[in-house]
Amino acid sequence: MKRFKIIPIHSEPGSPQSFYRAGLPLAELAHNYPLDITQTKGINWFTASHIDMLFFQMPTKKSDLLSAQIVQKCGKKVW
């Protein structure tokens with residue numbers, strides 16, 4: 001079975017909000033489904049071409065919009 005690759009983008013990594021709204025739910029999903037959850041500092045064309053989905057916990061920055069556009073242009077999903 002193919003493993004689904006996700007990169008989560010947190011508004012404030014390490015904050016309780018990021019943990020309960022992104023980290024914990026994705027970790028729980030990974031226990032039950034074939035997921036690879038990868039952390040990264042930023043999204044570029046190379047990174048976007050090697051994932052299946054980009055997950056935003058709370059997009060607030062201009063760089064979040066740029067990341068979403070790059071991922072969409074690569075034909076990947078944004079959640």
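**Note on the predicted model**

1. Histidine 10 touches Ser18, Ala22, Gly23, Gln39 and Gln57, leaving aside residues up to four places away in sequence.

2. In what order do the four strands stand in the open sheet? The order is S2-S1-S3-S4, and the pairing is parallel. S2 and S4 are the edge strands, each of which pairs on one side only.

3. The pairings can be followed strand by strand. S1 and S3 run parallel and are joined by four bridges; within this pairing, isoleucine 6 has methionine 53 in S3 as its bridge partner. S3 and S4 also run parallel, with two bridges joining them, and here leucine 54 stands opposite valine 78 in S4.

4. Is S3 covered on both faces or open on one? Both faces of S3 are covered, with Met53 and Phe55 on one side and Leu54 and Phe56 on the other, and all of these residues are buried. For phenylalanine 55 the relative accessible area is 8%, so this residue falls under the 20% limit that defines buried.

5. H1 lies across S1, S2 and S3, and its direction runs at about 150° to S2. Helix H3, which spans residues 62-73, packs on the sheet as well, touching S1, S3 and S4, and its direction makes about 160° with that of S3.

6. H1 itself deserves a careful look. The helix covers residues 16-32, which is 17 residues, and it reaches 23 Å from its first C-alpha to its last, close to the 24 Å expected at 1.5 Å a residue. A kink of about 30° lies at glycine 23, shortly before proline 25. Ser18, Ala22 and Leu26 of H1 are buried, and what covers the buried residues of this helix includes S1, strand S2 (35-37) and S3.

7. How many aromatic pairs does the model contain? The count comes to two. In one of them, phenylalanine 19 and tyrosine 20 have ring centres 4.9 Å apart and planes at 80°, so the pair is edge-to-face. Phenylalanine 19 counts as partly exposed because its relative accessibility is 41%, whereas tyrosine 20, at 57%, counts as exposed. The rings of phenylalanine 55 and tryptophan 79 have their centres 4.7 Å apart and their planes at 70°, so this pair is edge-to-face as well. The pair of phenylalanine 55 and tryptophan 79 links distant parts of the chain, since phenylalanine 55 lies in strand S3 (residues 53-56) and tryptophan 79 in the segment after strand S4 (77-78), 24 residues apart.

8. Phenylalanine 4 lies in strand S1, which covers residues 4-9, and at 30% relative accessibility it counts as partly exposed. Phenylalanine 4 and aspartate 36 are 32 residues apart in sequence, yet their C-alpha atoms are 6.0 Å apart in space. Leaving aside residues up to four places away in sequence, phenylalanine 4 touches Pro34, Leu35, Asp36, Asp52 and Met53.

9. Arginine 3 has its place in the segment before S1. Is this residue buried, partly exposed or exposed? At 40% relative accessibility, arginine 3 counts as partly exposed. Its C-alpha is 5.3 Å from that of leucine 35, although arginine 3 and leucine 35 are 32 residues apart in sequence. With residues up to four places away in sequence not counted, arginine 3 touches Pro34, Leu35, Asp36 and Asp52.

Conventions: Residues numbered from 1 in each chain as written. Predicted model: local features only at pLDDT ≥ 70, side-chain atom pairs only at ≥ 80, totals over all residues. Heavy atoms only, no water. Buried < 20%, exposed > 50% of the residue type's maximum accessible area, 1.4 Å probe, protein only. Contact = heavy atoms within 4.5 Å. Phe/Tyr/Trp six-rings, centres within 6.5 Å; stacked < 30°, edge-to-face > 60°. Expected span 1.5 Å × (residues − 1). Bend = angle between axes of the 7 residues up to and from the residue. Pairing = 2+ DSSP bridges. Axes fitted to C-alpha atoms, helices over the stretch in contact; angles between N-to-C directions.
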